Amino acid sequence: VSVSLSLILSSRPLTSFAINMHFTTPDYVIFALLLVASTCIGLFYALSGGRQRTTQEFLLADRSMSCLPVSLSLLATFQSAVAILGAPSEIYTYGTQYWFLGVSYFLGLLIPAHVFIPVFYRLRLTSAYEYLELRFNKTVRIMGTVTFIFQMVIYMGVVLYAPALALNAVTGFDLWGAVLAMGLVCTLYTTLGGLKAVIWTDVFQTIVMFAGQLAVIIVGAHQAGGMGEVWRKAMNGSRIASLDLNPDPTERHTFWTLGVGGVFLMLALYGVNQAQVQRYLSSRTEREAVMSCYVVFPCQQVVLCLGCLMGLVMYARYGEESPVYRQAIPHFSSCLQMVLYFVMDVFRDLPGLPGLFVACLFSGALSTISSAFNSLATVTMEDLIKPFCPAMTEAKATLLSKGLALAYGLVCLTMAYVASLMGSVLQAAFSIFGMVGGPLLGLFCLGMFFPWANSTGAIVGLVAGLAMAFWIGIGNFVSRMAVPTPLLPIINATTMPLRGNMTTAVMTTLITSITAKPKPTGVQALYNLSYLWYSAHNSTTVVIVGLIVSLLTGPMKEKDLTPGTVYPVLGNLLFFLPERYREKLCCVTPLSHKVALRSIHYQHAAVPDGSGEQRRCPTQRGGENREG
């Protein structure tokens with residue numbers, strides 16, 4: 001299959017730059033091997049071990065995973081195809097300021113390792129939203145679960161469709177053939193092999209992603225004259241950015257937005273997102289889960305460096321002095337197409353390498369949507385079905401979990417089709433993913449760090465946070481759509497969207513032109529808030545509103561808290577206060593003392609007593625009878 005570059009540009013013909021880009025037999029073979037290998041991993045785990053006969057094995061890999069595969073799976077889960085293409089386009093267009101996002105990885109992974117993982121792991125949860133019922137009540141749990149399902153269903157279809165569309169535009173690779181192949185293969189191995197298959201395919205796909213990006217950097221740098229020449233051209237083109245300490249929160253990328261705002265973005269992804277929490281809970285021990293966070297830190301830095309280097313190599317090839325930059329690049333209808341054109345141009349005389357990069361690209365898509373299928377099946381089973389069907393047998397629960405994974409795979413394909421009809425609304429769909437992440441982070445922080453927060457405060461706080469998120473997000477989208485601007489890069493769908501997106505896993509969009517504009521004021525300034533502050537802003541809204549409502553409606557007392565659901569951060573910070581004051585603030589009992597009872601609580605809460613009623617957990621304290 002071959003297609004001229006002019007097919008993906010505007011109607012103005014660029015015949016002098018029309019390059020026939022095509023896939024050869026080796027390219028298709030490498031791409032097919034990715035699909036076959038992923039399917040074989042799923043079949044292997046479907047036919048080996050316990051053969052996925054229990055929900056513990058299907059949803060949590062029997063809690064038997066070691067540190068290395070879990071860490072690579074954590075890395076791959078939100079390293080989507082859009083992420084692989086987004087970082088280079090960001091560096092190509094704006095320079096290396098984005099590289100400072102790596103600063104946020106320190107706290108963004110350290111806090112989950114030493115705060116969220118101990119709480120979740122010691123409670124022996126399956127779904128992160130079980131925590132919300134233990135800490136608040138069933139209503140809060142269901143609200144959190146439904147919010148997460150809405151977030152992931154919207155996201156997984158477009159994250160599959162967008163790279164397939166760009167690949168089709170640049171290479172002529174069959175659009176729906178790619179979508180169906182990815183969707184069906186992913187559904188197959190997720191349904192058959194469970195979480196264990198998902199994690200080990202993530203490991204394989206991570207290796208493929210690294211190989212594809214390294215190939216582009218090595219070959220591209222060689223063609224540009226070496227990395228020294230690449231760096232020289234980037235310096236001459238002002239693409240090597242210095243440290244920007246501007247505190248203005250409306251500035252898209254500064255040290256503060258990247259290094260501080262990025263921490264909240266990372267916490268929303270690596271702290272409370274079910275897809276990641278599920279991997280922590282699949283670890284053999286709490287120590288292995290904590291170590292997986294430490295191991296993923298250097299891996300994230302490597303991924304960030306590869307994306308940035310790829311963008312610099314692309315700039316060295318298509319800098320301002322390049323005729324391609326002046327005549328072709330400005331007319332791309334998508335920056336995904338721009339990066340793909342660069343890759344195909346670099347590899348045009350090297351059969352097999354285009355196929356390797358396409359395998360790299362769709363490895364990102366596979367790892368993201370397989371994690372979505374598995375996590376959605378988990379929360380649907382554990383949060384929406386099991387609590388209302390306590391007498392369900394293990395065999396039926398396992399079969400239903402597999403059916404849910406299959407159903408969500410079909411939903412993903414349906415959403416990919418819907419994405420094809422969305423047009424300009426597609427970016428708004430990506431933004432929804434980020435809009436929801438911040439409020440969910442705030443909900444967990446409210447419960448985990450503030451012992452006096454009650455269920456009423458949690459519900460009102462979550463609603464307020466979501467309302468604030470959608471108000472700012474939609475206002476930002478509408479205000480930018482009202483002013484036509486050049487189409488610019490799409491950024492990392494996992495941790496790096498443009499200023500219009502609040503995501504953790506999001507694509508980016510149109511940006512203001514290079515010319516200086518008046519500083520926005522009033523509500524417009526809120527709409528222009530850097531996307532990296534969105535998670536911080538929306539999660540803070542949930543916490544503040546939740547605390548105010550809790551104090552007005554009667555704060556919870558420590559004796560009414562379920563053991564192990566509060567991390568004693570306030571107790572540690574206020575150590576200098578007398579104990580009687582700390583007791584009034586619910587800051588006395590350390591986590592280790594509470595968690596000593598957590599396994600008994602988990603095992604005995606909500607156990608049928610033979611009459612169809614729920615038996616009270618013997619470890620619960622206070623006058624409220626909570627169902628586990």
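User: How many helices and strands are in the secondary structure here?
Analyst: The protein has 24 helices and 4 strands. Keep in mind that this is a predicted model.

User: And what share of the residues is buried?
Analyst: Of the 628 residues in the protein, 60% are buried.

User: Which residues touch the most other members of the largest nonpolar core?
Analyst: F357 and F362 do. That core holds 161 residues.

User: Which helix gives the most to this core?
Analyst: Helix α8, residues 175–224. Its share is 19 residues.

User: Back to F362. What does F362 touch?
Analyst: Setting aside residues up to four places away in sequence, F362 touches F31, L34, P163, A164, L167, A178 and M182.

User: What's in the second, separate core?
Analyst: That core has 8 residues, including F58, M381, I385 and A405.

User: Switching to helix packing. At what angle do α4 and α15 cross?
Analyst: Roughly 120°. Their axes come within 6 Å. Helix α4 covers residues 81–94, and helix α15 covers residues 353–385.

User: What do you call that arrangement, and why?
Analyst: Oblique. Roughly perpendicular runs from 65 to 115 degrees and roughly antiparallel starts over 145, so α4 and α15 count as oblique to each other.

User: Which residues make the contact?
Analyst: From α4, they are A81, I84 and L85. From α15, they are F357, C360, L361, G364 and A365.

User: How do the contact residues divide into nonpolar, polar and charged?
Analyst: The contact of α4 with α15 has 7 nonpolar residues, 1 polar and no charged.

User: New topic: L107. Where is L107 found?
Analyst: In helix α5, which spans residues 104–122.

User: Why does L107 count as partly exposed?
Analyst: Its relative accessibility is 44%. Buried needs under 20% and exposed needs over 50%, so L107 lands in between as partly exposed.

User: What is L107 in contact with?
Analyst: P112, V263 and L267, leaving aside neighbours within four places in sequence.

User: How far is L107 from G262?
Analyst: In space, 9.5 Å, C-alpha to C-alpha. In sequence, L107 and G262 are 155 residues apart.

User: Across the protein, what share of contacts joins residues 24 or more positions apart?
Analyst: 82%, counting contacts with a separation of 6 or more.

Conventions:
Residues numbered from 1 in each chain as written. Predicted model: local features only at pLDDT ≥ 70, side-chain atom pairs only at ≥ 80, totals over all residues. Heavy atoms only, no water. Axes fitted to C-alpha atoms, helices over the stretch in contact; angles between N-to-C directions. Helix = DSSP H or I, 4+ residues; strand = E, 2+ residues; numbered from the N terminus. Parallel < 35°, antiparallel > 145°, perpendicular 65-115°, else oblique. Contact = heavy atoms within 4.5 Å. Nonpolar A, V, L, I, M, F, W, Y, C, P; charged D, E, K, R; others polar. Core = buried A, V, L, I, M, F, W, Y, C linked by side-chain atoms within 4.5 Å. Buried < 20%, exposed > 50% of the residue type's maximum accessible area, 1.4 Å probe, protein only.
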